[in-house]
Amino acid sequence: MARPRTEPGASPLPTATSTTPTHTTHTSTLGGVLYAALRAGALAAVGTWSVTLLPALIGWVGAPESSLGWFSAVQVGTAIWFLGHGQSIGGSGVTVSVTPILLLLLFVLIGVRWVRRLVAVERGRLSTAAWSRAVRWAVAPGFVVGYVSVAALLALLTLGGPVGPGVAAVLGAGLVPLCALGFVLVRPDDEDSPAFVRTWFRRGPTWLPSVWRVGWRGAGALGLVGLAIVAMRVLGSLRDIVAVQGEYGANLVAGVVIVGAQLILLGNAAAWGLSFLAGPGFQLAVGGLVSPAAAHPGLMPLVPVLAALPDEADYPAAMFAVVAFPVVVGLVVARWVDAELEFFGNTRARATAMVTAVALSAAVVIAATWLGNGSIGVERLSAVGVAVPAFAGSLTAELVLGALLWLGARLWAERGVARMTVERPADGGGSSTSDEP
C-alpha cells in the first residue's frame, strides 16, 4: 500500500465535505449543457482554424507575384488546419501526412481553454451525480460534435482547391477535442472530474493517481531532451541555415512565413532527436538514416533548417553512449515517484509504480512520434520519420532500466542505513554506571 508523502508537521488533508462547493438551487438542464458544449466546441474549432488561416493570408499578401487568389490561400490554410489534426492532405498527385506535432499541441491547448471555460460555467450549477451524467451525455459528445461540425464546413471550403483533405479527415479532426476533454476531465483527484473518472482510478492501486501525474511529467521531460538536442544542432549550424534561407530571395513577410513553417516542425524534430538518442535514429529521405552508428541523410531538399543535419559519416561505437540520456530520464521519473509516495517497504509495489510511470511517459512520446511520421512529397520524401516499433522498444527498455537503477540504488542505500542502525552500539542508556561518593 502506498500513501502520498506529506511534509513533516503539515496539517492533515481536509475532508471531502470541507472542499465540496456549495451548489446553487438552479439546476441546469441536460439540454442547456448540451447546447453550451456544442457552442464551445464550434468556437474552439474556429479558434484553431485562425491559427493557420491568418499566416496563410499573410503569406499571400507577402507574395504579390503569386498567381493564386486570396480564396486559394484560405483553402491552403484550411488544408494545413486538417494536417495539424493528424490528417493527410493532398493535391496534384502529392500527399502530405506528416503531422506538425507543435501545431497539434497548440490546437489541443486552445481546445483545453474552451473546455475549462465550459466546465467553469456548468459545473457549479450541478450536483456531483448530475455533473457525472452531464459529462457522459452532454459535455463530451456536445463538444466533439460541435468541433467536428465546423470541420465538416471547413472541408467544403477546400473543394476544388490546390490541396485538400480526404473525407475521413472530418471525423479524424475529432482527435483534438477528445485530447482537450481528456486533459481537463481525466484527473484522478480533481473535483471537476466526473465521478466515474475518479472511480476508474480508485479501482486501481492506491499509487495510480500519483503515478499518472508523474508519467505525464516524464513525457514532458523526454520532449525537452529532444528539443535540447535539436537546439544544439540548429545553433551549431546557424550560419549554414541563414545561407540557405538567403537563397530564397524572399521579402520580409514571406521570410517570416517560411521561418514559421519550419518552427512548427520543431516538435517532429524533437521526436527525431529523441529517437537518435534512443538508438534507432530517423530518416528524412528514403534510404537515408541518421543514427548513433552513422549519418547518411541522403539528398535533401532546399529547406533551411535541414542544413543542421550532420554530414555523411560513420561514427565510432562510443557514440552509442548517447542512450544514457533516456536512461537518466527514467532514473529521474523513478525519483519523482519516490518523492510522491511512501511504500512502507513494499518493494514490489514500488517497482511496479516506477515501471508504470516510465511506461506511461514512453507511451505518450511514442504516440506523438507515430503521428509525426508520414510523407511530405513523393519518391525520396515519401517516408519521413522514425521506425516506430524499434523506437518504442528501445525507449521503453532504456526508461525502465533507468527506473530500476534508481530503485536498486535506493534499496542498497536504505538497507545499508538500516544495517548500520542495528549494528551501532548504544550510547549509554543503562549500560554505564557511576560511583556514588
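View 1. Oblique is what's left once angles under 35 degrees (roughly parallel), over 145 (roughly antiparallel) and 65 to 115 (roughly perpendicular) are taken out. This is a predicted model, where local features need pLDDT of at least 70, side-chain atom pairs count only at pLDDT 80 or more, and totals for chains, interfaces and linings use all residues. Residues are numbered from 1 along each chain as its sequence is written, and side-chain values use heavy atoms, leaving out hydrogens and water. Helices here are DSSP runs (H or I, at least four residues), numbered from the N terminus. Axes are lines fitted to C-alpha atoms over the stretch in contact, with angles from 0 to 180 degrees between N-to-C directions.

**View 2. A look at who touches whom between helix 3 and helix 5.** On the helix 3 side you'll find Phe71, Gln75, Thr78, Trp81 and Phe82, and they meet Tyr147, Ala151, Leu154, Ala155 and Leu157 of helix 5. Contact means heavy atoms within 4.5 Å.

**View 3. Helix 2 packs with helix 4.** Helix 2 (residues 30-61) and helix 4 (residues 101-122) pack at about 155°, their axes 9 Å apart. That angle makes helix 2 roughly antiparallel to helix 4.

**View 4. Zooming in on the contact of helix 2 with helix 4.** Helix 2 brings residues including Val33, Leu43, Gly47 and Val51. From helix 4 come, among them, Phe107, Ile110, Trp114 and Glu122.

Technical notes. Helices (H or I, at least four residues) and strands (E, at least two) are DSSP runs, numbered from the N terminus.
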